Amino acid sequence: MTGAGSRGWLRLAPPLTLGLMAAPVLAGLAGTAMPALRDGAAAFATLAEWPGLPRAAALSLGTGLASTIISLTLTLLIIAAFAGTPTFSRIRRLIAPLLSVPHAAAALGLAFLIAPSGWIARALSPWLTGWDQPPNLLILNDPYGLSLTLGLIAKELPFLLLMALAALPQIDADRRLATAATLGYGRIAGFALTTLPALYAQIRLPVYAVLAYGMTVVDMAMILGPTLPPTLSTQIVLWMAEASLMQRDTAAAAALLQCALVLAALGLWRLAEIAGRRLLIAMAFHGQRRAGLDRPAAAAALIATLVTAGSLTLGLAGLALWSVAGLWQFPDALPAQLTLRNWATALPTLGTTFTTTLVIAATATLAALALTLACLQAEAQLRLTPTTRALTLLYLPLLVPQVAFLPGLQFLAFSTGIEGHAAAVAAAHLIFVLPYVFLSLAGPFRAWDARIATSAATMGASEARIFWRLRLPMLLAPVLTACAVGIAVSVGQYLPTLLIGGGRVETLTTEAVALSSGGNRRLIGAYAVLQLALPALAFAAALALPALWWRNRRAMRGLA
Amino acid sequence: MTGTLDLQGVKITLGDRTLVDLTLAIPAGQIVTIMGPSGAGKSTALAAITGTLAPSFGMSGRILMNGKDISDLPTRARNIGLLFQDAVLFPHLSVGQNLAFALPAPIRGRAQRQARVDDALASAGLTGFAPRDPATLSGGQKARVALLRTLLAEPCALLLDEPFSRLDADLRAQIRSFVFDRAAQAGIPTLLVTHDIEDARAAAGPVVDTFGNPLPL
């Protein structure tokens, strides 16, 4: 990496990376459109004849919009009501770890908590309910998608909250809020009128990603969502699994429809944004201090957070307990005895699956890290300015529904013969891992003190030496955090693993989802625990290693 | 190592505003001071000499070091040392590693490099400081290590970007004389940028504004 050669390579990094993001999405969409549109778009006619279509589409829209609105509202309420207070750091500590919980594990945990034979029913039986046997109630897989919505909120709240927390310092939120408070505004009104517009502009893309994801999630919907009909995306995957070519065409047509639905929802959301902004500006003119809102809003935010985050945490604890449970009959609140036999029996299969998952996650993450570092170094060294368009391209794989372009990509993978290989699955994971690794690392990388580079350059150090000896070691903590984020994202991937793996590449997530329809809670518990453990270990290492490495460097501690 | 730092019609513009217009020759061993209020473009002039000017600025003119045109060289090839307001020690390296980072690569062998580092520390009254974490040093110690590090790279000229302004008043005079003595010892041209008239007086050389006009003290 010296002289003109390294500059040439570096210059290629940003377009190469953006191409790696955009090309599979576009190729996948084209691959989906082809079967859907052949024979005069006959597949759409078949799709229209499916009686479940209106309800499936409505479920997709309803659960997606509801979960996005509620998790965004909660995020903003938590910040408005508690920013800068001790309660805030407590909420943060409760919620932040949930970010690394894979969606499937979260869904399985919630399913165990709220099912008729689940922990809540057990805790209340028989003394309150009088049930000696699980009641015949449709709590799980309820026809309105309420449990699916709850699951989505519990998973998206940590994501939006952390994105918002990262944006707060950039918009000088402390001083804005202090100014509003000295003018006599209540916390909620002061936040909404002075800070919200700037904050929202910073978290708009993550919000869009949450909406697109919520509308099209498959693994969570298979476990928690309604069944007759399921959400549109779930039905697409069911059709994809059929052998008949016609049903694959129907699936492709439905995937295009799903994509259009997401676009429509995003358009609707954009209109609501504009209306909301105008409303806030109009309200600011009237100078209503609204201090009375503060207490009820704070209470509501706290209760809602405790319910969502608490139920997820409890559900996961329940799964862990199942994995070591001996006899555990309804309505006992706790198992009669604990045993490691479940683990011992499952260990050979679990070990193989765990290794596959880890290898795929590590490959995708390391590739994402290398590309991200090359892009950021190119930006710093060649003094490129990142554009909004580049950022949107980076978000493309998170905005275009997976279920819309992965079927096309699977078709391409199948025709080139790479379908079913772990490497192909890792490549597919890279598309979703890279945006998160980039977003996680870009802030700390750009915030690095450029005077250090200038200082070293005046001593004759080359760009390569500055990068390897100064910048990279100083960024050890954020680099490891970005790796942990990448591993968590890869471990959680269901659809890319299922479709590109052709059902032959088994990871913890695909296995856990496959098991969910059966009743073996002990085995489900074991898979879910491993699903949790892998990202948790990665995050623990990201915290512990820099602390250990820099134990004799005071200024390096607290840098993350 | 001795030579003249020669600025020939160095003009820096931002949009249609001219920030700097300097023609200056600083002979070896002399300290020239550029004075002016903050925002006058003093640090911009230094960035032009080190080759770290932001792309939004326009620049014309030539910069010569010992007769050789360095205007188009990258920063690392210019051999111009720079001291900031803060010490900017690398926080992940020990004091000794910070100094060794600056030491030219042709000085080979672990023992020889370590000896050079130890000598430098000893010359500044910092014997035994090599394994220390830079974060544990006092302000004055950091300032001295920063200068040692800059000089160990054996620069042909030294630029000082308000290096005393963050120091406490009682420390300032002490570090000032330390820096000026070392610069004189090294026998290289030195360019000081400051808004403090005391710095300019202590430098005991010509004082100009960013357009090269002599300023009375």
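Contact here means heavy atoms within 4.5 Å. Helices (H or I, at least four residues) are DSSP runs, numbered from the N terminus. This is a predicted model: local features need pLDDT of at least 70, side-chain atom pairs count only at pLDDT 80 or more, and totals for chains, interfaces and linings use all residues. Residues are numbered from 1 along each chain as its sequence is written, chains are lettered from A in the order in which they are written, and side-chain values use heavy atoms, with hydrogens and water left out.

**View 1. Helix α4 of chain B and its packing partners.** B:Arg113, B:Val117, B:Ala120 and B:Leu121 are buried (under 20% relative accessible area; exposed is over 50%, partly exposed in between; 1.4 Å probe, protein chains only). Seen down the axis, the buried residues fall within an arc of 100°, so they line one face of α4(B). That arc is taken over the directions from the helix axis to the C-beta atoms. An α-helix has 3.6 residues a turn, so residues three or four places apart point the same way. The buried residues of α4(B) pack against α3 (95-102) and α5 (139-152) of chain B. On the face turned away from the buried side sit the exposed residues B:Ala111 and B:Asp119. Just after the helix, B:Gly125 takes a positive phi of about 70°.

**View 2. B:Phe101 and its contacts in chain A.** B:Phe101 lies in helix α3 of chain B. Its relative accessible area is 2%, so B:Phe101 counts as buried. Neighbours within four places in sequence aside, B:Phe101 is in contact with A:Ala456, A:Met459, A:Ala461, A:Arg465, A:Arg469, A:Leu470 and B:Phe90. B:Phe90 is 11 residues away along the chain, with 9.6 Å between the two C-alpha atoms.

**View 3. The interface of chain A and chain B.** Here 24 residues of chain A are in contact with 28 residues of chain B. The two chains bury about 2400 Å² between them, 64% of it on carbon and sulfur atoms. Buried area is the accessible area (1.4 Å probe) that two parts lose on being put together, summed over both. In chain A, A:Thr458, A:Met459 and A:Arg553 lose the most area to chain B, together 28% of what that side buries.

**View 4. Two domains of chain A.** Domain 1 spans 1-34 + 345-548, and domain 2 spans 50-339; the bounds come from an automatic or database domain assignment. Their C-alpha centres lie 24 Å apart. Contacts join 36 residues of domain 1 to 42 residues of domain 2. The domains bury about 3100 Å² between them, 77% of it on carbon and sulfur atoms. A:Val403, A:Arg521 and A:Arg522 supply 22% of the area that domain 1 buries against domain 2, more than any other three residues.

**View 5. The largest nonpolar core.** A nonpolar core is a set of buried Ala, Val, Leu, Ile, Met, Phe, Trp, Tyr and Cys residues joined through side-chain atoms within 4.5 Å. The largest has 131 residues; A:Ile78, A:Ile79, A:Leu199 and A:Leu224 have the most contacts inside it. Helix α8 (187-216) of chain A gives the most to this core, 18 residues. Both domains of chain A give residues to this core, so it lies between them.

How values were computed: Helices (H or I, at least four residues) and strands (E, at least two) are DSSP runs, numbered from the N terminus.
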